[in-house]
Amino acid sequence: MSLVTLSDVLQPAFAGGYAVGGLVVLGWEDAQAYVEAAEAENCPVILQAGPSCRKHTPLPVLGAMFRYLAEMASVPVVAHLDHGYSTTECEEAIDAGFTSVMFDGSRKPLAQNIDETAAIAEIARRAKVSLEGEIGFVGYDASEASAGTDPEEARLFAEQSGVDAMAVSIGNVHLKQAQETEVDLARLREIEAVTNLPLVIHGGSGIPAKVRTELAHGSAVCKFNIGTELRMAFGSALRGAVNSDPERFDRVAILQETGAPVRAAAASVLRALKARETK
């Protein structure tokens with residue numbers, strides 16, 4: 001079995017100067033492609049079930065699917081709940097077999113965010129799973145604006161919340177379709193100076209691939225959440241498969257044609273982040 005916790009993959013990344021891809025799953029086809037891509041690149045992968053995925057697939061089903069893929073994999077696989085908004089949701093994910101949960105208290109006042117995150121950290125520790133928290137608010141493209149992480153608040157959060165990894169807001173934005181985000185490097189360096197945790201970037205699709213590589217190998221950012229660009233690869237492949245034969249109706253045959261393009265897109269993401277080979 002290659003099922004591991006978030007700490008199992010992020011602590012080596014933190015020490016070794018590289019990052020791991022947190023790839024957002026929407027169904028079996030992309031989850032399978034992500035694991036195959038990780039095996040091709042010989043690197044870990046974090047399978048993430050976010051709110052949109054959970055709307056149409058129950059957590060116990062996702063937990064079983066992630067664990068099955070991990071058991072079959074030759075590389076470490078993390079089963080991760082992305083953006084859990086309550087203690088109940090995090091507990092449900094743990095009960096469903098997830099090895100890592102992210103509690104998102106970023107919209108709450110600092111003290112409340114710390115207190116609620118710390119309570120979930122206790123639950124996670126007892127269950128031997130990892131916890132990711134968020135300080136600062138990462139906004140959404142054409143919707144909610146971001147609120148950058150305050151370095152002093154990051155210090156307090158890192159010291160008092162009990163998290164194993166900390167998501168920060170340094171210019172990154174969810175759901176961006178173009179790689180045009182400008183990272184606030186000065187803010188990142190201030191956060192790094194007062195914390196000693198693996199950092200997480202949500203909204204990684206909007207950050208140019210070259211910048212992701214630079215941060216992966218030159219900062220405390222050890223996890224990049226990538227969803228939009230992989231969904232775009234899936235959508236493009238699906239449209240091509242459907243349009244190639246308007247008379248075709250077999251769902252399985254159509255979806256099979258998304259595998260190779262999504263696998264290639266995921267492999268490209270993981271390759272840019274993973275540990276550099278030593279001679």
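Biologist: How do the residues of the lining of the second largest pocket divide into nonpolar, polar and charged?

Modeller: Four are nonpolar, four polar and four charged. Ala, Val, Leu, Ile, Met, Phe, Trp, Tyr, Cys and Pro count as nonpolar, Asp, Glu, Lys and Arg as charged, and the others, Gly among them, as polar. Some ground rules come next. This is a predicted model, where local features need pLDDT of at least 70 and side-chain atom pairs pLDDT 80 or more, while totals for chains, interfaces and linings use all residues. Numbering runs from 1 along each chain as its sequence is written, and side-chain values use heavy atoms, without hydrogens and water.

Biologist: What is a pocket here?

Modeller: On a 1 Å grid over the protein atoms alone, a pocket is an open set of points with protein on both sides within 12 Å along at least five of seven lines; a cavity is a set where a 1.4 Å probe fits but cannot get out. Lining residues have an atom within 4 Å of a point. Points are joined across faces, edges and corners, and the volume is the space filled by probe spheres set on them. The second largest pocket comes to about 200 Å³. Its lining includes Trp 28, Glu 29, Arg 251 and Arg 263.

Biologist: Which helix gives the most to that lining?

Modeller: α2, with five residues. α11 (251-256) and α12 (259-273) each supply at least two. Helices (H or I, at least four residues) and strands (E, at least two) are DSSP runs, numbered from the N terminus.

Biologist: What volume does the largest pocket have?

Modeller: About 330 Å³. It is lined by 22 residues, with Val 24, Asp 82, His 174, Leu 175 and Arg 231 nearest its centre. By class, the lining has seven nonpolar, 12 polar and three charged residues.

Biologist: Which residues form a nonpolar patch on the surface?

Modeller: Trp 28, Tyr 68 and Met 72, with about 340 Å² of accessible area together. Patch members have over 30% relative accessible area and no salt bridge; nonpolar side chains (Val, Leu, Ile, Met, Phe, Trp, Tyr) are joined within 5 Å, like charges within 9 Å. Areas come from the Shrake-Rupley method with a 1.4 Å probe, and for residues only the protein chains shown count as cover. Trp 28 also lines the second largest pocket.

Biologist: Is Met 72 buried or exposed?

Modeller: Exposed, because its relative accessibility is 55%. Buried means under 20% relative accessible area, exposed over 50%, partly exposed in between (1.4 Å probe, protein chains only). Met 72 sits in helix α4 (residues 59-72).

Biologist: How many salt bridges does a search of the whole structure find?

Modeller: It finds 14. Side chains of opposite charge can pair when their charged atoms come close. The cut-off: a side-chain nitrogen of Lys or Arg within 4 Å of a carboxyl oxygen of Asp or Glu. Glu 192 and Arg 189 meet at 2.7 Å, N to O. They are three residues apart in helix α8 (residues 185-194), so about one helical turn separates them. Glu 192 is buried at 18%, whereas Arg 189 is partly exposed at 35%.

Biologist: What lies 38 residues from Arg 189 in sequence but 9.1 Å away in space?

Modeller: Pro 151, C-alpha to C-alpha. Pro 151 lies in helix α7 (residues 151-160). In α7, Arg 155 and Glu 159 are four residues apart, about one turn. Those two form a salt bridge, with the closest N and O atoms 3.0 Å apart.

Biologist: Which residues are linked in a network of salt bridges?

Modeller: Glu 41, Arg 271 and Lys 274.
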